[in-house]
Amino acid sequence: MGFFKLKKNNTNVKTEFTAGLTTFLTMMYIVPVNGFILSDAGLPMDAVITATALITILATLFSGIWSNTPIAMSVGMGLNAYFSYGLVLGMNIPWQTALGIVFISGLLFVALSFTNFRVWIMTSIPMNLRRAISAGIGTFIAFIGLKQMGMIVDDPATLVALGDFTKDTVMLGTFGLILTFVLFSYKLKGAFIFSILITSIIAWFFGIGEAPKELFSTPASIAPIYLKLDIASAISLSLLPVIITFLITDMFDTLGTLTGVGSRANLFQENNKEDKSLQKTLEADAIGSVGGSLLGVSTTTSFIESASGVEQGGRTGLTAVFTALLFITTLFMLPLFKSIPSNAIYPILVVVGILMFSELGKINFEKVDFATASASFFIVLLMPLTFSITNGIAAGFIVFTIIKLVKNERKDLNLGIFLLTFISLLVFILRG
């Protein structure tokens, strides 16, 4: 195992396997969850489940070998919800075109991963606005989860209202949400997947869903979604803001994940010029997004659940390799995944949303200026209310720039901010 430099990283095969198994258990939920989310956009669930498992295996395996880091990759939560509910259902964009958008944004990320642009754009945007974007995405996907569970419903007078909690499906979702809270609060490894399984068993017992007649089968074909992306339709000025949104959000998500995991594993040390692991992990992430769009799924990104493997001692790419190999088992679990009631799945979106929303607590609103506070407010509020990550980010940058210009605080503005503000203006101009 000299390839992975186990001795240099003070680890061994047994430790790396344990870490890989832990990561697998904590992020296994993504296969059925992504199947439900993308199927809402019209993609065949069977094909999506297989494609999700495949891109997780391939991207994680490639990341482990290419970058030699314990970072697992799969279809990103948040952007998959934006793909289905923001683009396909919200903007009436065909899912084939939406896959084309993912492909183009992925290609741009690949190109930029080999340049200093990613560093430039990240340093151009104030940290507090980055935190607000993460929190806004959290409110967006939590809102989707609550809506899909029936806990909140449409209302002609107030736009939204509480749902009917006497319905068995809503009661099931409520139970699943509480169970997820309990399991996650105790830091149980695999809390999400255990919550889904327990909630499903209860649903099957009470007849709310139908139990699977078999647990395993051969993988479903991905032919209905493989290479079905429509790149030509995605190349449009009106869709440029959406492409940029996917690019910037993936970049934020990836760098945020790598920063968090890296601090725990002593990876990605910026003061070590010989450490190319961050660069290579970003490259693997970007290539994974391109590959995922070809297979028929939304943006692939680094998973924060990799931190669970790091906590178990995972330090090298061998952890990721073991995680990838374990995910092969999910290819054969289609009957089990398809029998899971939807309201055993959607509570996970709410909890993931809460975790992302917690980033807002890192903004000290007593000390930040009015421009930052206002921009953060609009970012967090408009993402769920307009069902669009793009609208939230665009409004935030416009508000931030206008207030800074009016107060003549131009020292806080830079070329990156002006560029993103210009793109943000296109969001509303082209919409009209």
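Which helix holds both Phe62 and Trp66, and how many residues apart are they? Both lie in helix H3 (residues 45–67), four residues apart, or about one turn of the helix. The views below come from a predicted model.

**View 1. Phe62 and Trp66 form a stacked aromatic pair.** The ring centres are 5.9 Å apart, with 10° between the planes. Planes under 30 degrees apart count as stacked, so this pair qualifies. Phe62 is partly exposed, at a relative accessible area of 31%. Trp66 is partly exposed too, at 38%. Lys280 lies over the face of Trp66. Its distance from the ring centre is 5.0 Å.

View 2. A search of the whole structure gives ten aromatic pairs. Buried means under 20% relative accessible area, so Phe322, at 16%, counts as buried. Phe17, at 37%, is partly exposed.

**View 3. Tyr29, Phe184 and Phe192 form one aromatic cluster.** The three residues are Tyr29, Phe184 and Phe192.

**View 4. Helix H16 (residues 342–357) is largely enclosed by the rest of the structure.** Twelve of its 16 residues are buried, which is why H16 is described as largely enclosed. Among the buried residues are Asn343, Tyr346, Pro347, Gly353 and Met356. The run from Leu349 through Val350, Val351 and Val352 is also buried.

**View 5. The largest cavity holds about 110 Å³ of space.** The count comes to one cavity of 30 Å³ or more. Helix H11 (240–265), helix H18 (389–406) and helix H19 (415–431) each give two or more residues to the lining of the largest cavity. The lining residues include Pro241, Ile244, Thr245 and Ile248. Thr390, Ile393, Ala394 and Phe397 also line the largest cavity. So do Leu420, Ile423, Ser424 and Val427.

Terms used
Residues are numbered from 1 along each chain as its sequence is written. This is a predicted model: local features need pLDDT of at least 70, side-chain atom pairs count only at pLDDT 80 or more; totals for chains, interfaces and linings use all residues. Side-chain values use heavy atoms; hydrogens and water are left out. The expected span of a helix is 1.5 Å times one less than its number of residues. Buried means under 20% relative accessible area, exposed over 50%, partly exposed in between (1.4 Å probe, protein chains only). Rings of Phe, Tyr and Trp (its six-membered ring) pair if their centres lie within 6.5 Å; planes under 30 degrees apart count as stacked, over 60 as edge-to-face and the rest as tilted. A charge sits over a ring if NZ of Lys or CZ of Arg is within 6 Å of the ring centre and within 35 degrees of the ring normal. On a 1 Å grid over the protein atoms alone, a cavity is a set of points where a 1.4 Å probe fits but cannot get out, and a pocket is an open set with protein on both sides within 12 Å along at least five of seven lines; lining residues have an atom within 4 Å of a point. Grid points are joined across faces, edges and corners, and a volume is the space filled by probe spheres set on the points.
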